[in-house]
Each structure stands twice: as structure tokens, then as C-alpha cells.
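Open the model in your viewer and keep the selection tool at hand. The stops below go one selection at a time.

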Amino acid sequence: MPTETTDVCDANSTLLLTGELRVLNHQIFKSYGGCPAFSGHVVTVKSFEDNAAVAQAVFANKNHDPNVLVVDAGGSLRRSMVGSILAQIAHNMGWVGILVNGCIRDIDQINAIDIGVRALGTVPVRSSKKGGGEKHVTDGDWVCADSNGILVSNCELSVLGPTYRPIPIHENATEILCGFSYTHTIADYTSPVEVWRLFEAHYLDDHNFLPKFLPHLFDSVEFVVGDSTAVGSIKLLKLSKDVNNHYIKYTTIEGGLLEDKWDHIVYEIKIEPSITGSHFKMIGHYHAKRGVKPTEEDVQFGRDALKDMHKAVQETLLLYPHLYA
């Protein structure tokens, strides 16, 4: 599932204020290609009406990294910097997107290629092939684009909801007596909602909040032992929390989330004040069943449902400011 620009903005509102996250003028860039949403690290080329350096950059992606090629053509509307052949090669070489401050051509063919393309427009005249231009001018930024807009940041940003670090699972695993153990950062984002309201909706009053506002995910939440204020309470979860510090730690011991892979999962959540409201961080410690070595996909199972839950909590609290106030 592509990263959504709206989620990135919601999760990183502080960076919008500081200018570390920037919004490009979406109106001047038109969308082409068969992949309307894409994100990746930037590789840059600067060349005016000559795409020889562009072609060289496309072919240089020998590791097929899912990057975005940004072409600064000086805003020229007289020559095309990318055509269907180059776009197809870019797709074959692993590029996920091309952003051109200039024009492209062969849009009917490009629209049939599974790659995202943004450009100022189209022109049928091809570029020259004399060479020149500059490669790797300002590499390292991160671009995220979809139908809502185009974002640029100096690093890859987390989004609203579960965000998994790009660490191979075998490098983040420890084999213990009961099986393999994995630790992942699940969610890490800022929110405009106040700390105490976010904490109550997520954890202290979740047995009321979740079935009411997310009935498609929760039929009911019931306490088996204790209540929301008691350490060691059991719903389907075993709770242990520090309410004053807005920290909570709980263990999932049964249910569909464990599938046949996990013996139990321990979650740690910390919500702290931030400039714009609050900062939410969630870490999961996954403990596999004896004899089972799960894959990265197993660790990430359920992330979309978690993302929906985090997003619904924030949107509901913003919509109803009296809740938990």
C-alpha cells in the first residue's frame, strides 16, 4: 500500500512548520503513468533540453532500488525529457517514480506503464542527445506523491499508523528458549490531539471507544479481570500501565493477531507532549512459538487494521473536542 501524503502531513505537522517537510505546487505538475501514488528516495539530474544524463541515471540503478528520479529541466516546455522507451526502462530498472520540471511525451504509452510520473506537461519534440548535464545534484531527499499532492523531505518520514523499519528480520531477531523474538517500532508519529485525550481514547476508555467508533474492527471489548484503572487487568489483553506518564505496556495472549506463529506479543506505548499536540510511539516485542521462524510479512500482519484504528482515534477526537477533555 503506497504511503499517503495526507497521512504523512498529519503525522509530521511539526516538520511542516519548520520547513523540513515541504509541499510542492501540485497544480503545476500533471500526473501520468500507471501508478498514481509513489514514494521513494530521490536521485537528481539537472539538464536543459538534453536527456543524455537522464538516460545514464536510469541505467545506473543496477540494484533496482525503489527510488524516484527527479529531473530539473529548467522548466522548459520546448523539449521532452522522458518518452515511453525511457519510462519503460526506468520501470524495468526498479524506479518507482519520475518527477520532471519540464515536459514528457508518448503519454498514452507511459500511462500503460506501472510507474508514477509527474511533469509540467507534454510536448512531441524530443530532447537533444549531446550529453552534458549534472547527475546526483541534491540526492538524498525523499518524495511522496499521490492525487492529493507532492511532498519533499530530507529523510523518509513515518506515517500515521504502523510504520515498520526497513531492517531485515534476521538482523533484528534473537533466538531464545521459547523461540525467536523480534522487536519492531510499529508506530511513531505526532498528533494535534492532546496527550491525555489520545491516551484515554486508545487505552483507558478503549472498551467503550473502539466498539463505538470502529465497529467494523471491534464487536465488543470486555474486561475479564479488573478494569481500565487496575494494573494486571485482562480483556483479551493483559494490561500494565503508568497513567501519570502516559505509558502503557500490555501483552496479547490470544486472538487472531497471533495466528499460528506467535506465542505472545508485548506492546509498549508512550505518548508525550509535542509542539503541535502529542507524539505517539509504539514498539512491539514479538515472541514466536517454539520451532517457528516467522517472516517479515508475519511481523507486519495486521498493520493496515492498526493504521485504521490510529487514524480513526485521532479524527474522532478532533471532530469531537469534548471527548476526554
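The tour of this predicted model covers cysteines, nonpolar cores and a helix pair.

Start with Cys9 and Cys144. How many disulfides does the structure hold? The count is zero. The sulfur of Cys9 has its closest cysteine sulfur in Cys144, 8.4 Å away, which is too far for a bond, because a disulfide requires the two sulfur atoms to be within 2.5 Å. Cys144 is itself buried, at 0% relative accessible area.

Next, select Phe209, Ile269 and Leu317. These residues have the most contacts inside the largest nonpolar core, a set of 29 residues. To see where that core comes from, colour the elements that give it two or more residues: helices H6 (195-204), H7 (206-213) and H9 (303-319), and strands S14 (247-252), S15 (262-274) and S16 (277-288). Helix H6 gives the most, with six residues.

Stay on Ile269 and show its surroundings. Leaving aside residues up to four places away in sequence, Ile269 touches Tyr203, His246, Tyr247, Ile248, Tyr250, Phe280, Lys281 and Met282.

Finish with helix H3 (residues 52-59) and helix H4 (residues 84-92). Their axes are 9 Å apart and the packing angle is about 25 degrees, which means that H3 is roughly parallel to H4. The crossing of H3 past H4 is left-handed. Show side chains here: H3 makes the contact through Val54, Ala55, Val58 and Phe59, and H4 through Leu86, Ile89 and Ala90.

Key
Residues numbered from 1 in each chain as written. Predicted model: local features only at pLDDT ≥ 70, side-chain atom pairs only at ≥ 80, totals over all residues. Heavy atoms only, no water. Buried < 20%, exposed > 50% of the residue type's maximum accessible area, 1.4 Å probe, protein only. Core = buried A, V, L, I, M, F, W, Y, C linked by side-chain atoms within 4.5 Å. Helix = DSSP H or I, 4+ residues; strand = E, 2+ residues; numbered from the N terminus. Contact = heavy atoms within 4.5 Å. Axes fitted to C-alpha atoms, helices over the stretch in contact; angles between N-to-C directions. Parallel < 35°, antiparallel > 145°, perpendicular 65-115°, else oblique. Left-handed = near helix turned anticlockwise from the far one by under 90°.
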